[in-house]
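Me: I would like a close look at one part of this model. Please keep the answer plain and give the cut-offs as you go.

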Amino acid sequence: MFMDRLLNETQRLAAIFSALEALRLADEHGTPRGWASPFGLLQIIRCCARILELSSCVAKAGYRECDQETLEAITSETRQVLYSVQAQIAA
């Protein structure tokens, strides 16, 4: 169950960065709201928080089907996304 939710959140985060998703989330004037908009940044932070929470649950549960290296890679990439968001906000 945790693994499915982790996969879904990871896919959701990837979709935020896609051009098609940006167009789908366009405002009423048709202007795409990119991931750098306040709305986009909030979505990214929310997804990252869920990914890290689910990763922690998977690690604590000791799922045998989860490769530890893969889980560490997912959390590492998620932290990098958060660092990028933090840099974007600071700029």
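Leaving aside its neighbours within four places in sequence, which residues is Ile-51 in contact with?

Reply: This is a predicted model, in which local features need pLDDT of at least 70 and side-chain atom pairs count only at pLDDT 80 or more, while totals for chains, interfaces and linings use all residues. Residues are numbered from 1 along each chain as its sequence is written, and side-chain values use heavy atoms, with hydrogens and water left out.

With neighbours within four places in sequence set aside, Ile-51 is in contact with Leu-6, Glu-9, Thr-10, Leu-13, Ile-74 and Thr-78. Contact here means heavy atoms within 4.5 Å. Ile-51 belongs to helix α3, residues 38-61; helices are DSSP runs of H or I with at least four residues, numbered from the N terminus. Its relative accessible area is 1%, so Ile-51 is buried. Buried means under 20% relative accessible area, exposed means over 50%, and partly exposed lies in between, with a 1.4 Å probe and protein chains only. One of the contacts, Thr-10, is 41 residues from Ile-51 in sequence, yet the two C-alpha atoms are 6.7 Å apart.

Beyond four places in sequence, Thr-78 is in contact with Cys-48, Ile-51 and Leu-52.

Ile-51 is also part of the largest nonpolar core, which has twelve residues, among them Leu-6, Leu-13, Cys-48 and Val-85. Helices α1 (2-16), α3 and α4 each supply at least two residues of this core, and α3 gives the largest share, seven residues. A nonpolar core is a set of buried Ala, Val, Leu, Ile, Met, Phe, Trp, Tyr and Cys residues joined through side-chain atoms within 4.5 Å. In soluble globular proteins, nonpolar side chains tend to be buried together. For core member Val-85, the contacts outside four places in sequence are Leu-41, Ile-44 and Ile-45.

Glu-9, another contact of Ile-51, takes part in a salt bridge with Arg-50, at 3.2 Å from N to O. This pair links distant parts of the chain, Arg-50 in helix α3 and Glu-9 in helix α1, 41 residues apart. A salt bridge is a side-chain nitrogen of Lys or Arg within 4 Å of a carboxyl oxygen of Asp or Glu, and a search of the whole structure finds one. Glu-9 has 5% relative accessibility and therefore counts as buried, whereas Arg-50, at 37%, counts as partly exposed.
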